[in-house]
Amino acid sequence: MKEYPKPYEIMELLSENLNKAYLNQTKRFEGIIQFYLTHNDNNIVCHFKITQNGVFFIKGISDSADVTVKASLYNWLDLAAGRLNPVLGVLTRKLKFSGNISFLKNFMGACKFEVNIDDFDDPVTNFEKNPQKYWRKPQKILIINASPRNERRYTYFYLQPFINGLCSGGASCEIIHLYKLKINRCTGCWHCWLSGTGNCIFDGKDDFKEVQQKYEDSDLVVFAFPLYTDGMPSALKDFWERMVSSNYPYMVKGIYKTRHPRRQKKQRAAVIFSISGFMEIENFSAVLSHFKQISHNDHLPIVAEILRPAGMYLYNNPLLYKQLNRIIEALEKAGAEVFEFGKVLKKTQKIISQKIDSIENFRQRSNFFWSEKIKEGEKTY
Ligand SMILES: Cc1cc2nc3c(=O)[nH]c(=O)nc-3n(C[C@H](O)[C@H](O)[C@H](O)COP(=O)(O)O)c2cc1C
């Protein structure tokens, strides 16, 4: 368990941080910065000894300090972080200095926490910003079916016409049933990042690497899944957690927030394809928002969100046969449109996600359906 850090430990950690930044640059200093700090009625008396060989943290008073800092611990940290202007700090009596203030200023100024990550950079592309404008028909399409019931039920039932439309244009298409594979959960050990390789402790022990390779090779990925507890089923979440290994640990600027650069840079887009049990379209809002974040982090523009609420109700209600047929036709059309234009036309989208019944009917008939299933002792639906 990580211990709650104490003030002296914070000062020691700061000196270690400064030491690394100091040793990374060529300028060398020699001198002592003495601290008389306060924190919650406690005094923190220590000094940093700066030599040609590094910065050393020492508790207590030095008899040859070059500069002395008197402040609260927080004010000193604000100064060190550049959040507190030193002149303002003195004028407002938050900081008191004595001795050679230039030494402190020059030393702190020289400790730059900078590293050149140009070789890893993965800048925002025009395709990401406007995938339709820069759309090229995908040559390799990967379809990830994340329904625990694989080909047996509703996600795959609705997915098939979409795949027919998507893959009839000549792309090479592969479908993976995620739940048939062994994908261990990320343990958060950071081996993939710390080793500098992207390799995972589970390499060779499960199927993830193979899926990752297929993902890296693809131009378009379809994430198909039933809505589970307002989100994605756990195997798909596990997949995304393991995908962290595809990135470098560095932080770069994305379209609207910070993200990591990828190890393999390729233009790729995604389609979200989801089926829910409930009928209100709002049920998808959490997962769409989650996917929006994931897709940004993964430099992966989402070109279509294909959402079919109440997929099971629609399939099992004979009174909705006309709607079912129209929706199946529209799903095939949507597949062809994604392939051709990198989007689903509004008209098609509307048919797919249409409201198929009144909410009262949905509740009443669903309740009847379930109660009959229980009465009949059915094992699946
Ligand atoms: C564990 C579990 C959680 C579910 N959570 C939701 C949910 O939060 N919202 C919803 O609308 N449907 C939910 N559903 C219903 C499924 O999305 C729906 O039945 C879907 O058609 C199942 O797809 P499948 O037949 O491919 O398994 C859930 C189903 C299961 C088994």
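Q: Hi! Which atoms of aspartate 230 lie 2.8 Å from an oxygen atom of the ligand, backbone or side-chain ones?
A: Backbone: in this predicted model, an N or O atom of the aspartate 230 backbone is 2.8 Å from a ligand oxygen.

Q: And how far is the side chain of arginine 149 from a ligand oxygen?
A: An N or O atom in the arginine 149 side chain sits 2.8 Å from an oxygen atom of the ligand. Threonine 155 also takes part, with a side-chain N or O atom 2.7 Å from a ligand oxygen.

Q: How much of the ligand's accessible area does the protein cover?
A: The protein covers 79% of the 640 Å² that the ligand has on its own.

Q: How many residues surround the ligand, then?
A: There are 15, and the closest are Ser147, Arg149, Thr155, Leu227 and Asp230. The shell splits into seven nonpolar, five polar and three charged residues.

Q: Switching to the sheet: what order do the strands come in?
A: Five strands make an open sheet in the order 3-2-1-4-5, with mixed pairing. From one strand to the next, the twist averages 20 degrees.

Q: Why is one side of strand 3 and of strand 5 left without a neighbour in the sheet?
A: Strand 3 (54-59) and strand 5 (95-99) are at the edges and have a single partner strand each, so one side of each has no neighbour there.

Q: How does strand 4 pair with strand 5, parallel or antiparallel?
A: Strand 4 (residues 67-72) runs antiparallel to strand 5, over five bridges.

Q: Which strands does helix 2 touch?
A: Helix 2 (residues 73-81) packs on the sheet and touches strand 1 (31-39), strand 2 (42-51), strand 4 and strand 5. Its direction makes about 120 degrees with that of strand 4.

How values were computed:
Residues are numbered from 1 along each chain as its sequence is written. This is a predicted model: local features need pLDDT of at least 70, side-chain atom pairs count only at pLDDT 80 or more; totals for chains, interfaces and linings use all residues. Side-chain values use heavy atoms; hydrogens and water are left out. Two strands pair if DSSP finds at least two bridges between them. Helices (H or I, at least four residues) and strands (E, at least two) are DSSP runs, numbered from the N terminus. Axes are lines fitted to C-alpha atoms, for helices over the stretch in contact, and angles run from 0 to 180 degrees between N-to-C directions. Contact means heavy atoms within 4.5 Å. A residue is near a molecule or strand if one of its heavy atoms lies within 4 Å of it. A polar contact is a pair of N or O atoms within 3.5 Å; within protein, one must be able to donate a hydrogen and the other to accept it, and residues adjacent in sequence count only if both atoms are side-chain atoms. Accessible areas come from the Shrake-Rupley method with a 1.4 Å probe; for residues, only the protein chains shown count as cover. Ala, Val, Leu, Ile, Met, Phe, Trp, Tyr, Cys and Pro count as nonpolar, Asp, Glu, Lys and Arg as charged, and the others, Gly among them, as polar.
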